[in-house]
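Reader: I am new to protein structures and would like to learn how to read one. Could you take me through this one step by step?

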Amino acid sequence: MYPGGTLLNPDPDNPRYFNAGHPFTVRGQAAIDGFKLLGSKAGGGIYAFTGAVGLEITNNEITGNQGNFGGGIAIGMQGIGWTGVNNADIIIRHNKVHRNGGVQGGGGITINDYASDYRIEENLITGNFSRFNGGGINHGGVCPGENVIRRNKILYNENFFGALLNQAGDGGGIYIGGNAAGGTGTGNVTVDGNWIQGNLTGSGSGGGIHVFAANGQDLIDYPGQPDNWYKISIFNNIIVNNVAAHKGAGIYLQDVMRGHIVQNTIMNNDSTATSSLSFEAGASNSTPQASGVVAAVHSQILQTILETSGPTELDYSNPVLINNIIWHNRSWYNDASLNNGAGGLAANPGGIYWDLYVPSDQMMVRLLIPSSCFLSQQTDPHTGYDYGSDNYYEDPLVMDSYTNVGGITTIIDEGGNNIAIYFKPLMPAEGDYHIQAVSPARDNGQSVVPLGFDDLSLDFDEDARDVGAPDIGADEYR
């Protein structure tokens, strides 16, 4: 049951809950456990709009569903801006969410405004598709408290911009965003110990993770008090072989005042520069884009807020970058002369590996400053910046890495994004990105080892090629 009024215009003075007269108030009082949910054409596999305090969604297989607000699981409604939805303390755990489609929400799991203190953990999220943001997971809007996305396998999900939608097309694996630049922000979000591999954002940025508008109103509420500003923490993840049609195939950040990227493996991700955003007006060749970790200049509205709330702050996202392996992230572009004029991918002539980037201009030189990180080269070939002796420039020697093999096809499509990307392999059994015993990363204390799936109880036996992932009940990665 929706609150009083209508879905789009609820009446906050007449709150009603789907458990009418007895709203849920205790975690675990409401649970969806042990189902196979498939075939929805409008609402997605599971949709909880309001009053779902403490809802636990566990041990389900959610597949083959389509939903406007989210394909697999959707909580709340993005942009509603109403605290009365009251979806606090939701747990989404031990589910297999695969082959679902979202229209104006994430393909796999969507979390919207005021789902405070949520936990998305130990799920297999694979083969989902979104026409909005977040092929695998979409966090849209402000969620107060401490929100956690941890120990999930987020594999081979995709999103693509639909021409009728605005502010869409980012975050192949995970999208974390406020509702608008300078708006309510996102709340605190920790992304910890996830395996994020082979995800594709076919028209935007952030193949693995995209974060946008994390901060806004919090700066106004707490001027000059950065300890009270929302934080984005990205720890202990394996982020590999993801693809972005624009930039930031590993991680992309914009309007993030307090970001921490610590002890991750960000490796072999590809930015293809095939999005319409990568072409200058009238150009047939695209402009190569950075691939590994890319930060952007703050939006103008956030810079205006900073004039009073944080006048000494930098004008771009400048995350803490410590103890990461950021290695061999590749930069490509569309060369229109290839394939008899049909176009094709060519290596960035400035250097195929482009691990770190933030745009500079005549007014300011902007830099990301890694510490104790493995990088492909000491001197950035695109900026000339020397990352210095505090980092390492040798092969980290992971167990078994691989690079994507693929190409592009020019098609007639919507919104100017008329180049489609294809790549292989699409088997999550490919590669092992844990460091070897003889790895210099181990010697230098760079042990990037996400937590294992020791206690994961799922046991699905479908063919890996069919569902996009192996049996995760039997696969422990540590």
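Reader: Where is the place of Asn329?

Author: Happy to start there! This is a predicted model, where local features need pLDDT of at least 70 and side-chain atom pairs count only at pLDDT 80 or more, while totals for chains, interfaces and linings use all residues. Residues are numbered from 1 along each chain as its sequence is written, and side-chain values use heavy atoms, with hydrogens and water left out. Strands here are DSSP runs of E with at least two residues, numbered from the N terminus, and Asn329 sits in the loop between β33 (325–327) and β34 (330–335).

Reader: Is Asn329 buried or exposed?

Author: Buried means under 20% relative accessible area, exposed over 50%, and partly exposed in between, using a 1.4 Å probe and protein chains only. Asn329 has 0% relative accessibility, so Asn329 counts as buried.

Reader: Which side chain does the side chain of Asn329 join in a polar contact of 3.0 Å?

Author: A polar contact is a pair of N or O atoms within 3.5 Å; within protein, one must be able to donate a hydrogen and the other to accept it, and residues adjacent in sequence count only if both atoms are side-chain atoms. A polar atom of the Asn329 side chain also lies 3.2 Å from the backbone oxygen of Ile266. The side-chain partner at 3.0 Å is Asp355.

Reader: Which backbone oxygen lies 3.0 Å from a polar atom of the side chain of Asn157?

Author: Let us find Asn157 first: its loop runs between β17 (153–155) and β18 (158–159). With 1% relative accessibility, Asn157 counts as buried. The backbone oxygen at 3.0 Å belongs to Ile125.

Reader: Which residue in β22 stands opposite Glu158?

Author: Two strands pair if DSSP finds at least two bridges between them. β18 and β22 (residues 200–201) pair in the parallel sense over two bridges. Opposite Glu158 stands Leu200.

Reader: What is the angle between the planes of Trp354 and Tyr357?

Author: Rings of Phe, Tyr and Trp (its six-membered ring) pair if their centres lie within 6.5 Å; planes under 30 degrees apart count as stacked, over 60 as edge-to-face and the rest as tilted. The structure holds six aromatic pairs. Trp354 and Tyr357 form one that is edge-to-face, with 5.0 Å centre to centre and an angle between the planes of 65°.

How values were computed: Helix = DSSP H or I, 4+ residues; strand = E, 2+ residues; numbered from the N terminus.
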